[in-house]
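Trainee: Could you walk me through this protein while I have it open on my screen? I would like to go piece by piece.

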Amino acid sequence: MGLKNVLLSFCVIATGGFLFGYIIGINGNVVTKGQLICLDHWDGPVGTWTSSGFKQCYDFNAWDEGILSSLNLVGAVISSAICFRWADVMGRKKEVQVGAALYFLGSAITALSPFLWGIYAGFLIYGLGIGFCMHAAPAYIAEIAPAKVRGTFVSAKEMVIVLGIFLGFAAGAIFAPMEQAGWRWMVIIAAVFACLVEVGITFIPNSPRWLVLRSLRTSSPLVLRSPVFDQGTQDRNHPVDEALASEAKEALAFFRGATAAEIEEEFNVMLSDARDSSAGASAAPGCLETLRYPKPLIIGCGLVFFQQVTGQPSVLIFATDIFKSAGFAGAAALSSVGVGLVKLLATSFTAFKVDQYGRRQLLLWGIAGMILALAMLGTAFSFRHVENGEVSIPRGWAIVTVLALMIYVSAYQVGFGSISW
């Protein structure tokens with residue numbers, strides 16, 4: 001059974017996750033002094049909300065930085081809510097297509113806008129793309145991959161996100177010397193990858209499982225009957241839309257490269273599973289149905305809550321400024337690249353060792369490492385010195401901050417980052 005088309009499809013679909021990680025990686029090098037924010041002694045044009053110009057920078061306070069940095073996440077929340085309601089109607093492929101279009105539109109508007117309001121709008125639109133692509137990717141990848149490698153492909157998606165973060169940090173280091181203009185080049189790179197996703201997804205079929213599910217839900221007089229299902233029950237004789245069933249088989253042939261008999265066998269199993277999952281259900285379950293299983297709900301929500309409340313995404317978003325505060329102003333962007341590389345290596349370790357050590361053990365190790373790293377970081381910054389608004393840390397403690405951040409992101413990725421999902 002060939003995996004060539006599955007692998008190629010994975011690369012296209014997972015690039016949506018890559019672009020999510022990429023915007024996290026470049027954010028600290030975009031919303032920083034010398035790029036979008038004016039240097040302390042800048043004597044060039046300082047932009048306002050409505051002023052126009054490509055060589056102007058902006059006088060942001062901490063509130064402004066926080067709002068601009070969070071617009072991607074605000075957009076992702078909005079589009080995730082849309083997906084929650086309409087994803088099963090749209091299908092995975094259309095979600096990726098919409099997400100890629102929003103990625104391209106958002107990055108192009110941000111990079112090419114001479115107005116501050118246009119930059120804000122661009123980041124928000126980019127965030128909408130994050131919601132669509134990140135909602136579609138796990139299900140799409142799981143549904144096209146054969147069972148024996150499904151876990152590997154789904155885990156690899158997390159590695160692609162972290163690869164995006166790493167290359168985002170790298171792009172920041174490369175374009176950082178281009179004051180007031182480098183950030184635009186960082187952002188426009190995302191538009192190139194978005195085009196690749198949009199073009200690539202055009203040649204990839206819909207998910208076979210989604211097509212099977214849609215074929216059962218579509219009210220059609222056309223009925224496809226297979227001897228496997230003629231067992232006298234109403235659910236198993238449920239009418240199937242023949243056109244969608246045929247499309248599902250074609251999609252399976254694309255992803256498997258198998259014989260017609262093997263395709264028919266997998267299709268029958270998929271159809272049986274789809275019928276079993278909907279047997280006896282007159283309507284889709286509502287949110288209140290989850291309350292029937294309180295313990296898994298508390299564990300699942302608790303893991304995701306602590307995953308976010310630990311603040312690791314904020315550390316990545318503002319990594320460059322953290323290193324500047326630690327006294328690495330000249331090498332802040334390069335230090336961020338080191339953090340991204342360590343995070344990528346930790347993700348690779350988790351992906352390949354999770355079955356050996358178990359999820360619970362890795363989670364406990366990750367939490368312990370994060371506690372240690374935060375204790376080191378807090379101790380180092382307790383020795384900070386502020387003079388004329390500039391924060392500095394003794395050289396020895398500055399090195400500790402770099403080491404602590406690397407331990408922190410590594411431990412997070414071994415624990416909450418990968419295990420929660």
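Predicted model: local features only at pLDDT ≥ 70, side-chain atom pairs only at ≥ 80, totals over all residues.

Trainee: Which helix is Glu 143 found in?

Mentor: Glu 143 belongs to helix 4, which covers residues 116-144.

Trainee: And what is Glu 143 in contact with, leaving aside its neighbours within four places in sequence?

Mentor: With those neighbours left aside, Glu 143 is in contact with Arg 92, Ser 207, Pro 208, Arg 209 and Trp 210.

Trainee: Let me zoom out for a moment. How many helices and strands are there in the protein?

Mentor: The protein has 15 helices and four strands. Of its 421 residues, 48% are buried, and the accessible surface comes to about 20,300 Å², with 67% of that belonging to carbon and sulfur atoms.

Trainee: What share of the contacts comes from residues 24 or more positions apart?

Mentor: If you take the contacts with a separation of 6 or more, residues 24 or more positions apart account for 78% of them.

Trainee: What about the inside, then: how many residues are in the largest nonpolar core?

Mentor: The largest nonpolar core has 107 residues, and those with the most contacts inside it are Val 30, Phe 60 and Leu 68. Apart from that core lies another one, of six residues, among them Ala 87, Met 90, Ile 125 and Phe 132. As background, nonpolar side chains tend to be buried together in soluble globular proteins.

Trainee: Which residues is Val 30 in contact with?

Mentor: Leaving aside its neighbours within four places in sequence, Val 30 is in contact with Gln 35, Leu 36, Phe 123, Trp 183, Met 186 and Val 187.

Trainee: Is Ser 79 buried or exposed?

Mentor: Ser 79 is buried, because its relative accessible area is 0%, and buried means under 20%. Its side chain reaches the backbone oxygen of Ala 76 at 3.2 Å, and a polar atom of that side chain lies 3.4 Å from the backbone nitrogen of Gly 131.

Trainee: Changing topic, how do helix 10 and helix 15 pack?

Mentor: Helix 10, residues 294-309, and helix 15, residues 395-419, pack at an angle of about 140°, and their axes are 9 Å apart. Leu 303, Phe 306 and Gln 307 in helix 10 meet Tyr 412, Phe 416 and Gly 417 in helix 15. By class, this contact has four nonpolar, two polar and no charged residues.

Trainee: Now the loops, please. What is the phi of Gln 180?

Mentor: Gln 180 has a positive phi of about 65°, although it is not a glycine. For context, most residues other than glycine have a negative phi. You will find Gln 180 in the loop between helix 5 (147-175) and helix 6 (182-202), and it is buried, with a relative accessible area of 4%.

Trainee: And where is Phe 318 found?

Mentor: Phe 318 is in the loop between helix 11 (312-317) and helix 12 (319-325), and at 25% relative accessibility it counts as partly exposed. Phe 318 and Gly 28 are 290 residues apart in sequence, yet their C-alpha atoms are 4.7 Å apart in space. Apart from its neighbours within four places in sequence, Phe 318 is in contact with Glu 65 and Ser 69.

Trainee: Last one: where is the place of Lys 94?

Mentor: Lys 94 is in helix 3, residues 92-112, and at 46% relative accessibility it counts as partly exposed.

Notes
Residues numbered from 1 in each chain as written. Heavy atoms only, no water. Axes fitted to C-alpha atoms, helices over the stretch in contact; angles between N-to-C directions. Helix = DSSP H or I, 4+ residues; strand = E, 2+ residues; numbered from the N terminus. Contact = heavy atoms within 4.5 Å. Nonpolar A, V, L, I, M, F, W, Y, C, P; charged D, E, K, R; others polar. Buried < 20%, exposed > 50% of the residue type's maximum accessible area, 1.4 Å probe, protein only. Polar contact = N/O pair within 3.5 Å; in protein donor to acceptor, adjacent residues only side chain to side chain. Core = buried A, V, L, I, M, F, W, Y, C linked by side-chain atoms within 4.5 Å. Areas by Shrake-Rupley, 256 points an atom, 1.4 Å probe, with all protein chains shown as cover.
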